[in-house]
Amino acid sequence: MSTIRITKQFNFETGHALYGYDGKCKNVHGHSYKLSVTVSGKPIKDSTNVKFGMVIDFGDLKKIVNEEVVDLFDHATVFNKNTPHVELAKELSDRGHHVILVDYQPTSEMMVIDFAQKIKKRLPDNIKLHSIKLQETDTSFAEWFSSEN
């Protein structure tokens with residue numbers, strides 16, 4: 001049986017600021033992110049299985065990505081907790097804002113690495129994470145490929 005890749009796309013809104021950056025993105029701002037998650041595997045051969053012919057049910061993949069990424073990051077503001085931005089994060093959090101503190105500079109590049117690690121842990125053993133694409137604007141995105149990691 002052939003190995004097949006399937007992709008599920010997601011959208012979410014997230015704010016962030018890049019501490020120490022020398023451009024406009026040093027200011028708190030947000031993006032309408034588009035996330036594409038591609039997994040690979042062999043379609044289920046057992047005709048008695050309700051998922052017969054599927055690599056993974058798109059609904060199952062959606063549940064994993066929503067629980068690990070989208071539900072957490074949507075309408076949140078992300079800060080690197082190892083910078084003075086932690087003070088701003090605390091102030092926002094104290095005022096009821098949804099804040100996420102991470103161990104990295106919250107660039108698209110670092111976020112895509114974080115997302116890959118989270119999603120890989122949740123996939124069934126027979127399903128491999130092939131790639132992730134995180135698009136922050138229509139013309140700017142970061143990609144992660146399993147073959148390179």
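This is a predicted model: local features need pLDDT of at least 70, side-chain atom pairs count only at pLDDT 80 or more; totals for chains, interfaces and linings use all residues.
The chain has 3 helices and 6 strands, and, read from the N terminus, its elements follow the order β-β-α-β-α-β-α-β-β. The C-alpha trace spans about 55 × 30 × 25 Å along its principal axes, and of the 149 residues in the chain, 42% are buried. If we take the contacts with a separation of 6 or more, 61% of them are between residues 24 or more positions apart.

Now, back to the histidines. The UniProt record, an unreviewed entry, carries a "binding site" annotation that covers His16, His29 and His31. These residues are spread over 16 residues of sequence, and yet they cluster in space, with a largest C-alpha distance of 8.4 Å. His29 is found in strand S2, residues 29-41, and, with a relative accessible area of 21%, His29 is partly exposed. Beyond its neighbours within four places in sequence, His29 is in contact with Thr14, Gly15 and His16, while a polar atom of the His29 side chain lies 2.7 Å from the backbone oxygen of Asn27.

Cys25 sits in the loop between S1 and S2, where its relative accessible area of 24% makes it partly exposed, and, not counting residues up to four places away in sequence, Cys25 touches Ala17 and Leu18. Glu136, by contrast, has its place in strand S5, and, with its neighbours within four places left aside, Glu136 is in contact with His31, Ser32, Tyr33 and Ser108.

Strand S5, residues 128-137, also holds Gln135. Is Gln135 buried or exposed? Gln135 is buried, because its relative accessible area is 14% and the cut-off for buried is under 20%. The side chain of Gln135 reaches two backbone oxygens, that of Thr137 at 3.1 Å and that of Asp138 at 3.2 Å. Leaving out neighbours within four places in sequence, Gln135 is in contact with Ser32, Tyr33, Lys34, Ser140 and Phe141.

Finally, I would like to turn to a pair of helices. How do helix H1, residues 58-73, and helix H3, residues 108-122, pack, and at what angle? The angle is about 145°, with the two axes 9 Å apart, and H1 passes H3 in a right-handed crossing. On the H1 side, the residues that meet H3 are Lys63, Ile64, Val65, Glu67, Glu68, Val69 and Phe73, and on the H3 side they are Met111, Asp114, Phe115, Lys118, Ile119 and Arg122. Taken by type, the residues of this contact divide into 7 nonpolar and 6 charged, with no polar ones.

Terms used: Residues are numbered from 1 along each chain as its sequence is written. Side-chain values use heavy atoms; hydrogens and water are left out. Axes are lines fitted to C-alpha atoms, for helices over the stretch in contact, and angles run from 0 to 180 degrees between N-to-C directions. Helices (H or I, at least four residues) and strands (E, at least two) are DSSP runs, numbered from the N terminus. A crossing is left-handed if the near helix is turned anticlockwise from the far one by less than a right angle, and right-handed if clockwise. Contact means heavy atoms within 4.5 Å. Ala, Val, Leu, Ile, Met, Phe, Trp, Tyr, Cys and Pro count as nonpolar, Asp, Glu, Lys and Arg as charged, and the others, Gly among them, as polar. UniProt positions are given in the numbering used here, feature names are shortened, and annotations may be inferred rather than shown by experiment. Buried means under 20% relative accessible area, exposed over 50%, partly exposed in between (1.4 Å probe, protein chains only). A polar contact is a pair of N or O atoms within 3.5 Å; within protein, one must be able to donate a hydrogen and the other to accept it, and residues adjacent in sequence count only if both atoms are side-chain atoms.
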